[in-house]
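This report is a first guide to the structure shown below. Please keep the sequence and the model in view while reading.

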Amino acid sequence: MRAPALILAVTALLAAACAPADQATPTPTRVDGVACTKDKLATLTPGKITFGTDQPVYQPWFVDDDPTNGKGFESAVAYAVAEELGYAKTDVVWTRVPFNAAIQPGKKSYDADINEFSITDERRQAVDFSAPYYDVDQVLITLKSSKAASVKTLAEVKKVKIGAQVGTTSFEAAKRLSPEQDVAVYNTNDDAKAALRAGQIDALVVDLPTAFYITSAELDDGQIVGQVPGGDGRPEQFGIVLDKGSPLTGCVSNAVESLRSKGTLAKLEQEWLSSAGNAPELK
């Protein structure tokens, strides 16, 4: 009588060993010794993750200046990253942080900030960046009534008055054009657009998706002049900003890379940024 019992016991053990993986308790993902799970992550508020972004924020990155609605590429990316880390949409908190303040050293009011921040070595001295979630081009835009509308070459660009938002890689790209006049600096793209409309500048440098949105939806006679050449041959990439040495950096990067491998980032680009297309490079 014991032999059948032994056989049944062995059979049960073999069945357990061969059970599908999704029936077993999953091993938490760990990055640099940190468990990337909601109950283990050292966020500002336990059980919540706080994202920062500027105010106002613009399409196609955010819709209706409301990061909480999940609409717009960066809002959608933030919620997708949160979900990868185990946070429900209701667990995501948003706070408004001025663009320049978000990348300054010191105590942060956010766990992670998403606001078209290009990853640069200079910024890495003050903050951490996640793995990149978007490759971006910088573009020169103008009004059809402006003298910049007829510009075709980099030599011609030097003769027009250019503006850009302070502290951005758009401003750095504008300086790379080596205009004869100093680049005009504005606190926000809204201020820069107002200056363009008023004729205080001839052209404005912004990233490509923003350029397509501004010229198609915000400026009645807006047009794209062309793409600004890169500075060092490396692609410009956006990353999520975290506090310097944040224990969350590895986990957030891991979440971004997971979204890339699953094709989620590509799908979100298609949904929110596909209308941007391409712009001819100025030479």
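What percentage of the residues in the protein chain is buried? Of the 283 residues in the protein chain, 48% are buried, where buried means under 20% relative accessible area, exposed over 50% and partly exposed in between (1.4 Å probe, protein chains only). The model is predicted, so local features need pLDDT of at least 70 and side-chain atom pairs count only at pLDDT 80 or more, whereas totals for chains, interfaces and linings use all residues. Residues are numbered from 1 along each chain as its sequence is written, and side-chain values use heavy atoms, with hydrogens and water left out.

The protein chain has ten helices and 14 strands; helices (H or I, at least four residues) and strands (E, at least two) are DSSP runs, numbered from the N terminus. Among the contacts in the protein chain with a separation of 6 or more, 70% are between residues 24 or more positions apart, a contact being heavy atoms within 4.5 Å.

Trp-61 lies in the loop between strand 3 (49-53) and helix 2 (73-84), and it counts as buried because its relative accessibility is 0%. Beyond its neighbours within four places in sequence, Trp-61 is in contact with residues including Phe-73, Tyr-134, Asp-207, Phe-238 and Leu-273. The side chains of Trp-61 and Glu-116 are joined by a polar contact of 3.2 Å, that is, a pair of N or O atoms within 3.5 Å of which, within protein, one must be able to donate a hydrogen and the other to accept it, while residues adjacent in sequence count only if both atoms are side-chain atoms. Glu-116 itself lies in the loop between strand 5 (112-113) and helix 4 and is buried, with a relative accessible area of 16%.

Most residues other than glycine have a negative phi, and most peptide bonds are trans. The table lists some exceptions.

| Site | Feature | Angle |
|---|---|---|
| Gln-55 and Pro-56 | cis peptide bond | omega about 0 degrees |
| Gln-59 and Pro-60 | cis peptide bond | omega about 5 degrees |
| Asp-64 | positive phi | phi about 60 degrees |
| Glu-116 | positive phi | phi near 55 degrees |

Asp-64 counts as exposed, at 64% relative accessibility.

**Two partners of helix 2**

Helix 2 packs with helix 10 (residues 264-273) at an angle of about 155 degrees, the axes being 9 Å apart; axes are lines fitted to C-alpha atoms, for helices over the stretch in contact, and angles run from 0 to 180 degrees between N-to-C directions. Helix 2 is therefore roughly antiparallel to helix 10, since angles under 35 degrees count as roughly parallel, over 145 as roughly antiparallel, 65 to 115 as roughly perpendicular and the rest as oblique. Phe-73, Ala-76 and Val-77 of helix 2 meet residues of helix 10, among them Leu-265, Trp-272 and Leu-273.

With helix 9 (residues 249-262), helix 2 packs at an angle of about 105 degrees, and here the axes are 9 Å apart, so that helix 2 and helix 9 are roughly perpendicular to each other. On the side of helix 2, the contact is made by Ala-80, Val-81 and Glu-84, and on the side of helix 9 the residues include Val-252, Leu-259 and Lys-262.
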